[in-house]
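This report considers the charged pairs of the structure shown below, and then turns to its rings, its strands and its surface.

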Amino acid sequence: PAVADETMREAQADFIKMMHDLLAEHQHQRDNLIIGSSIWLIDPRNRFSHTWDLMIAFILIITVFSNPLSMAFEPLSKRLFVFNVITDFIFCADVAKHLNTGYLNDNGFAVMDRR
């Protein structure tokens, strides 16, 4: 039984190492699935891009409710003026960000080329 337990532990350790190596290789291959080489484009898979899109979605939800209220009530419109101007600039920055972000094609490759 002790020999069987030791053999089982070795097999488990070998399996864990093999899975770790496989995961590392998969991550390496995933990171290299890039077409083009423009250093000026943002990778659509990075954390900044996802965080930015979540922030824009949150601001959009707030805007959906604040704009009708500011149009209906004049005193509220004056209070929300600065917020509306700031959100307009953020949405313009979002357009610029999307014009400078690569995209994922049908095969899962990140296309980082302006052509």
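With a relative accessible area of 39%, D21 is partly exposed, and its side chain meets that of K17 in a salt bridge with an N to O distance of 2.9 Å. K17, at 52% relative accessibility, counts as exposed. The two residues belong to helix α1, where D21 and K17 stand 4 residues apart and are therefore separated by about one helical turn. All of this is read from a predicted model.

Side chains of opposite charge can pair when their charged atoms come close.

| Salt bridge | N to O distance |
|---|---|
| R9 and E6 | 3.3 Å |
| K97 and D53 | 3.4 Å |

The pair of R9 and E6 also lies in helix α1, and because these residues are 3 apart in that helix, about one helical turn separates them. E6 counts as partly exposed, at 38% relative accessibility.

The salt bridge that K97 forms with D53 links distant parts of the chain, since K97 is in helix α4 and D53 is in helix α2, 44 residues apart.

When its neighbours within four places in sequence are left aside, T87 is in contact with I59 and T63.

Turning to the aromatic residues, the structure holds 1 aromatic pair. The ring centres of F48 and W52 are 6.1 Å apart and the planes of these rings meet at 35°, so the pair is described as tilted. F48 and W52 are 4 residues apart in helix α2, which runs over residues 47-72, and they are thus separated by about one helical turn. In accessibility, F48 is partly exposed, with a relative accessible area of 45%, while W52 is buried, with a value of 17%.

The strands come next. Which order do the strands of the open sheet follow? The sheet has 3 strands in the order β1-β3-β2, and their pairing is mixed. Its edge strands are β1 (34-35) and β2 (103-104), each of which pairs on one side only. Strand β3, made of residues 110-111, pairs with β2 in the antiparallel sense over 2 bridges, and L104 stands opposite A110 of β3.

Finally, the surface carries a nonpolar patch of about 530 Å², made by F15, I16, M18, M19 and L22. One of these residues, L22, lies in helix α1, which spans residues 2-31, and L22 counts as exposed because its relative accessibility of 52% is over the 50% limit.

Notes
Residues are numbered from 1 along each chain as its sequence is written. This is a predicted model: local features need pLDDT of at least 70, side-chain atom pairs count only at pLDDT 80 or more; totals for chains, interfaces and linings use all residues. Side-chain values use heavy atoms; hydrogens and water are left out. Contact means heavy atoms within 4.5 Å. Rings of Phe, Tyr and Trp (its six-membered ring) pair if their centres lie within 6.5 Å; planes under 30 degrees apart count as stacked, over 60 as edge-to-face and the rest as tilted. Buried means under 20% relative accessible area, exposed over 50%, partly exposed in between (1.4 Å probe, protein chains only). Two strands pair if DSSP finds at least two bridges between them. Patches are made of residues with over 30% relative accessible area and no salt bridge: like charges are joined within 9 Å, nonpolar side chains (Val, Leu, Ile, Met, Phe, Trp, Tyr) within 5 Å. Accessible areas come from the Shrake-Rupley method with a 1.4 Å probe; for residues, only the protein chains shown count as cover. A salt bridge is a side-chain nitrogen of Lys or Arg within 4 Å of a carboxyl oxygen of Asp or Glu.
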